[in-house]
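I opened my notebook on this structure today.

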Amino acid sequence: MAPSETLRATLRAIDGRGYKAYRDLEGTWAIPGATLFVDHVQGDPFASPSRMRVRVEQSAAQWPASLLATRVRRIAFEDHVARRMNDAIDDVVSGRRGSGKSGAVLIDAGQQAIIERTAATACQAFVEVRLEVGLPAAGRRALGREAEELLCGDLAELADRALHAHPRAIEQATLAADTAENHAALQHQLDAHDLVAFVADDAILPRAGGNSQRVLERGAVPFSAPPSLRVSLEVPHAVEGAFQLSGTGIPRGITLIVGGGFHGKSTLLQALERTVHPHLPGDGRERVVMHPTAAKIRAEDGRSVTGCDIHAFIDGLPGGHSTRHFTTQDASGSTSQAAGIVEAIEAGSRVLLLDEDTSATNFLVRDARMQALVAQEHEPITPFLDRARALYDRLGVSTVLVVGGSGDGFDIADTVIEMRGFGAADVTQAAREVAAQHPTGRTRAPATPFEPPLGRVPIAASIDPRKGRREVHVEARGTDGVRFGTEDIDLRGVEPVIEASEARAIGYALVQCRDFMGQDVEVPAVLDALEAWLDEHGVGALGPRANLARPRRFEVAAALSRLRSLRVKKSTES
Ligand code: ADP
Ligand code: MG
């Protein structure tokens with residue numbers, strides 16, 4: 001490693017030369033109190049900023065070993081370090097120092113969820129952050145002296161503020177790690193209590209706005225358990241002195257969330273959908289816990305579907321299309337939603353979240369009048385409400401469904417929760433009475449058992465990330481999708497995808513998945529191999545130098561299924 005005097009001398013020598021002279025910076029340098037790794041220098045001031053890492057040895061940083069004691073703690077600690085660095089950048093870095101991206105310092109610090117990300121790394125030996133740094137220029141000439149201030153001054157100060165264990169920082173990092181570990185412990189207890197979700201009393205579910213995941217600060221009604229659904233779960237780290245948390249347990253089976261418009265139904269479902277991941281202390285949802293395999297399923301007309309066995313929901317399509325291996329480049333609302341369910345189950349999901357706001361009406365339910373008008377033989381769809389029971393009884397897949405517009409589900413629901421003025425009430429008994437007093441007059445579809453869907457063997461050659469001369473082209477479109485080779489994978493219907501870095505990681509994960517595909521290797525085995533690989537190598541190994549955040553297997557599987565070029569073989573097992 002070159003000493004910081006050499007870095008200063010190098011930068012002074014670069015001053016005033018063409019921008020390409022910055023290439024001399026690639027390598028490892030000492031800066032005051034830290035080590036600077038310049039991994040990649042941008043080609044010009046307007047290109048994406050240069051990639052650097054700043055590292056402080058633990059011997060100097062002095063973080064307590066307890067922050068690294070478990071995998072969950074380490075991830076929360078790393079996540080916290082990235083956020084500290086982000087705050088420090090806001091305080092320290094004054095902004096533009098010339099043309100283009102001159103003087104910018106960026107870190108991919110994430111939103112409200114705590115997930116594994118490449119922005120920060122912590123281990124026994126050191127703490128390190130990955131930064132994007134705009135090397136200063138005037139026009140296209142290197143401003144070496146400005147760069148000296150930025151690298152030897154600002155970055156050193158950032159390292160001091162964010163990477164060293166100041167007492168307040170230890171406290172906050174420990175709280176983040178404890179919060180994440182409590183979430184994991186609660187999640188772990190769900191199965192033993194026959195629950196799919198837990199919402200601690202006093203949780204704050206609403207968000208600041210449709211465009212923000214931050215907590216609604218003013219006028220939020222805290223969640224409170226209906227007495228009949230109240231459970232008490234244990235946490236390893238006391239919350240306000242207590243190791244027992246009281247809250248709402250949402251049981252396995254079929255749960256309806258009903259209520260008037262604007263009473264908080266979708267807000268509850270969205271909180272459930274996102275809390276498959278732990279959230280920051282103060283988020284309001286840090287003690288809301290969803291089953292780790294939950295997947296939100298919505299209608300996505302226009303998406304592609306490949307070799308998907310949707311016959312349990314849809315059979316006898318006009319034109320004689322088989323629905324045991326259903327393939328289309330342009331699914332309808334109902335076929336897309338059926339495929340979404342089958343694919344989620346294939347990936348291992350045991351809880352489905354559906355909201356009438358984002359569902360195809362004819363997929364959810366068909367009422368008596370429509371049954372009377374359109375003959376059964378002309379209707380290929382068995383509505384979800386007629387299948388949900390069998391789905392649970394045969395495959396153990398639970399459903400949480402938001403419905404305000406139809407009471408046809410009362411007959412099959414195990415639990416009915418009414419949201420009323422943002423408070424939850426257990427109205428299961430009342431719903432049963434209503435169901436008895438007001439028969440729907442519908443003919444229920446025959447209760448045929450739910451056959452497990454046929455397996456799919458994805459073909460690696462159909463997953464092609466090449467573009468032009470590049471072997472791998474992956475580019476996130478925010479959280480809306482990912483450019484994969486020459487194709488756009490639409491992720492707008494895949495929830496939760498919470499960050500662009502996650503969408504990007506999903507793209508790279510598909511590239512990686514090709515290595516795990518082969519003769520007779522079905523989708524679940526590919527996903528198992530991917531998870532084991534990610535556990536071993538970390539999400540950063542997916543794509544060198546890219547900002548990445550680890551996706552769940554469900555979101556990777558969903559992206560694979562939405563790849564229009566995908567081809568699959570029928571499994572010979574089934
Ligand atoms: P629904 O799905 O029942 O029509 P939403 O969940 O969309 O209702 O909620 C309607 C509005 O109320 C949203 O603006 C949401 O942010 C707000 N809201 C939801 N829950 C609460 C709460 N507990 N306290 C305050 N406002 C809330
Ligand atoms: Mg709604």
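I started with a term: a salt bridge is a side-chain nitrogen of Lys or Arg within 4 Å of a carboxyl oxygen of Asp or Glu. With that, I looked up the count between domain 2 and domain 3, and it is 5 salt bridges. In one salt bridge, the side chains of arginine 298 and glutamate 495 meet at 3.4 Å, N to O.

I noted the ground rules. This is a predicted model, where local features need pLDDT of at least 70 and side-chain atom pairs count only at pLDDT 80 or more, while totals for chains, interfaces and linings use all residues. Residues are numbered from 1 along each chain as its sequence is written, chains are lettered from A and ligands numbered from 1 in the order in which they are written, and side-chain values use heavy atoms, with hydrogens and water left out.

**Domains**

I checked the bounds, which come from an automatic or database domain assignment. They are 4–165 for domain 1, 294–437 for domain 2 and 456–570 for domain 3. The C-alpha centres of domain 2 and domain 3 lie 27 Å apart. Each of these two domains gives 19 residues to the contact (heavy atoms within 4.5 Å).

Next I looked up buried area, the accessible area (1.4 Å probe) that two parts lose on being put together, summed over both. Between domain 2 and domain 3 it is about 1700 Å², with 41% from carbon and sulfur atoms. On the domain 2 side, Thr306, Glu346 and Ala347 lose the most area, together 35% of what that side buries.

**Ligand 1**

I found 14 residues around ligand 1 (a heavy atom within 4 Å). The closest include Val221 and Lys265. Oxygen atoms of ligand 1 lie 2.7 Å from a polar backbone atom of phenylalanine 262 and 2.6 Å from a polar side-chain atom of threonine 267.

Definitions and conventions
Polar contact = N/O pair within 3.5 Å; in protein donor to acceptor, adjacent residues only side chain to side chain.
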